[in-house]
Structures are given as structure tokens and as C-alpha cells.
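Try each task on your own, then follow the solution step by step.

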Amino acid sequence: MQLKVQAFGLLAEIVGNNIIVDKQTDTDSLKKQLAVQFPSLVDIKYAIAVDKKIIAGNTLINEASIIALLPPFSGG
Amino acid sequence: MKLNSNDKERYSRQIGLKQFGELAQQKLLQAKVLVIGAGGLGCPALQYLAAAGIGNIGIVDDDTISLSNLHRQILYTTNDFDLPKATIAAGALLMLNPTITVNAFPVRLDTSNALELIRNYDIIIDGTDNFSSRYLINDACVLLKKPLIYGSVYQFEGQVAVFNVVNENNIPSANYRDLFPQQPNNEEVPNCSEAGVIGVLPGIIGTMMANECIKLIAGIGSLLTNKLLIYNALSNQTYEMDITPKEETTLLIPPNEAAFKAMQYSFSCEAEHSFEDVGIKDFLKLMQEEDTIVIDVREEGEKPVITSFEHINIPMSVLKRQKPEINQKNILVFCHAGIRSVDAAQYLSNGKNKVYNLKGGIIRWMSSL
């Protein structure tokens, strides 16, 4: 099973707009997996949304979850 | 406050809207809105707010107008080169609508003046271009219980949200730290000068910010409270994400005004290596010392070109990709306004060398000549 992850802003430049990663059971393990696949993510702070909700802490996910990675940016 | 015949004529097209009417117009004319940052986001927001008849507008910006601003900062003309943005923007707004009050504050927002400035307004609009200001403004608005309209752009993507609006039970909606709790280093994410931005994008996002502001004052429609809207200018796609206010967020925000004033926003994330801010006089003196290198960290093509002293150019975008080998004992760095060079100074400092940053950058230098 695999998960579809959508990335925004600067993160899209690092991981691509839409990526497929191995299925993980929660967002903490997803973060770890992403850091292995894309080492430069380690230095970047970003928010995760699951089913269009910004998560507060570790959150359970399944293959139907819509996952998005949102970076802060400050341009104006 | 009753509308006079001039007001009724000027605002007739929006007063005519069933959901809006004279009552909403009166609310707009009584509202006080502070726009911080009169750049790519601030210009369109200001223009529509003034046109719509926001009765009292404040503009905070300490920057001056440069040629590379003009593709997106639409209140300025080619003749305004090097003039202060806040003052020129205020003049342009009063030409558009002389019936409102506009105050220009050509100062840099910091912890010493933020509370005084923000306290006097009902709604704050964040059109700044760096994380230090954004977190500072967010925390000040939480402390003073002011609604904050947030917008930000990166290349072809924009974010909009309305933070800190209290509901009928006096509970505030989510704020910036519920979305991104910790302030990133300014060097973690490139700004517009480094990453580039398409001119119409801040136009779209800034106009959406003005729209949220008008809706909030008029009490119409649904707002982007507890939500983040993302807009992509290339694909025309929009996404809305829900944000939930979190208990932990309050721990990150200074609990009172004294704590706020003592907070370090400019470089709260970096500590171990240090550098020194120097003025023009000291900068020139240090330049003469042996074993010294001067580095311009502006991007290629940024003006003015410096010919009056010897230096090398390593753009911030290049610097970030690969740390250059610099063996000199003294490193002097400068950029346009002295913001990016702070990041560069921290980055280049290794504990063995001495790094100096030209405070206020080239613009302050030029204005002192």
C-alpha cells in the first residue's frame, strides 16, 4: 500500500508536487520516512494537513487520507 | 455617523448591494486599519481599502522604492525611486480618496514600537516580507486581541488567512503559530528578492486580504478564520485547510507586554555564532584593516552597483546552496536593507573569524551620502 502526498511552495521543489510514499500508519512515521527519502527536509519546518486539516500532533493516517505538506513562506 | 451626499455617490455601487447597504458603509468609514508593509501585498490591499472608504488607514514601512519593486508595488511610479514607501503610498491613497484619513509611519516595526502602533487600530494587515516581522506582528495581535489578516507569497503560490478573530463567546480563532508554531530562520526560506515572484500574485493575494478586511468590518459573508487558503497562480487551483487553535500555542507567545518587548524576533533561532552590527563609519574603518574581505550578498542585477570600494559578490541564494571557503579573519557583509546580510553574517560566522554586518544596508548608506 502506498500514500499520495501533495507538497506546496518550497517543499514542492524538494519532493515534487505529488509524490507516492510507502504507507505509514501515522504522521510521525510519515515524517521520518520523508526525511530518509529527502534528507534536506530535516532542516525545514513545515505543517502537515490530513484530510485538509492542519494536524496538531501525531495523527493516524490510512491509504485514503489526503496528505499535504505546507511550508511557511514570508514573501510580500 | 450619517453618510453625506458625496459619500453616497462615491460608494454608491457597493452601497447598492443588498448585503452591504449604508450601514456597512458607515462601519467602513468608522474603521481603523493598520497595514504593515507597503510592498507587493500592501499596495493592492491599501488601494482597495482606501477606495472602499476605510475611514482611517495607517501604513508602516521603513523601506524606500527601488526599480525592482515596480512590477508588483503598484502605488509607486518610476519617479518615486529612492523615496520612502509609507509616505508615497499615503500620498497616492489621498489622491484616490481625499475624504479618508491616512497616516504614514516610515519606521521599522520592532518590539519597542509595535504595541503602540497596533493598539490604535481595529484590524491589522500583515504585508511584510520576513519571518521576524510576521511572528512579531502575530504575537502583538494576540496580546492586544486584534484581528490579523495574513497573506504571503512564494514564486507562484500564495497563502491567505484571518487570524485571531474573537467569536461570540470571546474565544479567539487560530493564529499564525497554530499553523507554524516556530519561527523559521530567515535563511531557511528564500524571500522575494532571492526566489522571485510573479507580479500579479501579490496583487491577487493582497486584494483577497482587502476583501477579508472589508467583510470583517461590514459583518458579511464567511471569513478565512480557522482556515488557510492556498492559491496557485500557475494552475488556478485553490485549497482550503482547517486550522484548529491549540493549547500549546499560547506557551509560545509572550504572556504580557513586558515579555513581548524583551523577545528577540530578529534572530531567535540562531545563537551559537555571533556577528556585530556596524554603522557606516565603522564599516569603512574596518575595511582598511588587514586580512579583511567585503561581501555583497545581494542577488545579481540588484541596484545600485557599488564601485566606491573593493568587494566580492556572493548572492544569498548561492551562499545558501554552498558555504564558500573564506579564510580572511574579518568578514564584512552588506545587502540592500541589512536584513539578508544578517542571515549571511550568522551563516559565515564560525567562531574563529570576526563578522560584521552593515546595519541598514546600502539604502541607509546611500541616504547618508
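**Exercise 1: Rings and charges**

Task: Find which residues of chain B are linked into a cluster by ring pairs.

Solution. Keep in mind that you are looking at a predicted model.
- Step 1. Select B:Y135, B:Y150, B:F163, B:Y176 and B:F180; ring pairs join these residues into a cluster.
- Step 2. Widen the view: searching the whole structure over all chains gives 13 aromatic pairs.
- Step 3. Now look for charges over rings. In chain A, the charged end of A:K31 sits over the ring of A:Y46, at 5.0 Å from its centre.
- Step 4. In chain B, the ring of B:Y121 has the charged end of B:K32 over it, 5.5 Å from the ring centre.

**Exercise 2: The buried side of a helix**

Task: Which residues of α16(B) are buried, and what do they pack against?

Solution. 
- Step 1. Pick out the buried residues of α16(B): B:G361, B:I362, B:I363 and B:W365.
- Step 2. Look at their surroundings. The buried residues of α16(B) pack against α13, β12 (330–334) and β13 (354–358) of chain B.

**Exercise 3: A pair of rings**

Task: Decide whether the ring pair of B:F309 and B:W365 is stacked, edge-to-face or tilted.

Solution. A pair of aromatic rings is described by the distance of the centres and the angle of the planes.
- Step 1. Take the distance: the ring centres of B:F309 and B:W365 are 5.2 Å apart.
- Step 2. Take the angle: the planes of these two rings stand at 40°.
- Step 3. Compare with the cut-offs. Planes under 30 degrees apart count as stacked and over 60 as edge-to-face, so this pair, at 40°, is tilted.
- Step 4. B:F309 is in the loop between β10 (292–296) and β11 (312–313) of chain B, and B:W365 is in helix α16 of chain B. The pair links distant parts of the chain, 56 residues apart.
- Step 5. Check burial: both B:F309 and B:W365 are buried.
- Step 6. Stay in the loop between β10 and β11 of chain B for a moment, where B:P304 lies. The peptide bond from B:K303 to B:P304 is cis, with omega near -5°.

**Exercise 4: Positive phi**

Task: Are B:K145 and B:N170 buried or exposed, and in which loops of chain B do B:K145 and B:N170 lie?

Solution. 
- Step 1. B:K145 lies in the loop between α7 (131–144) and β5 (148–154) of chain B.
- Step 2. The relative accessible area of B:K145 is 61%; over 50% counts as exposed, so B:K145 is exposed.
- Step 3. Turn to B:N170, also not a glycine, with a positive phi of about 65°. B:N170 is in the loop between β6 (157–163) and α8 (176–179) of chain B.
- Step 4. With a relative accessible area of 57%, B:N170 is exposed.

**Exercise 5: Sequence and space**

Solution. 
- Step 1. Find B:S132 in helix α7 of chain B. B:S132 is buried, with a relative accessible area of 9%.
- Step 2. Along the chain, B:S132 and B:S266 are 134 residues apart, and their C-alpha atoms are separated by 5.2 Å.
- Step 3. Now take B:P181 and B:L319: they are 138 residues apart along the chain, with 27 Å between their C-alpha atoms.

How values were computed
Residues numbered from 1 in each chain as written. Chains lettered and ligands numbered in written order. Predicted model: local features only at pLDDT ≥ 70, side-chain atom pairs only at ≥ 80, totals over all residues. Heavy atoms only, no water. Phe/Tyr/Trp six-rings, centres within 6.5 Å; stacked < 30°, edge-to-face > 60°. Helix = DSSP H or I, 4+ residues; strand = E, 2+ residues; numbered from the N terminus. Buried < 20%, exposed > 50% of the residue type's maximum accessible area, 1.4 Å probe, protein only. Lys NZ or Arg CZ within 6 Å of the ring centre and 35° of its normal. Contact = heavy atoms within 4.5 Å.
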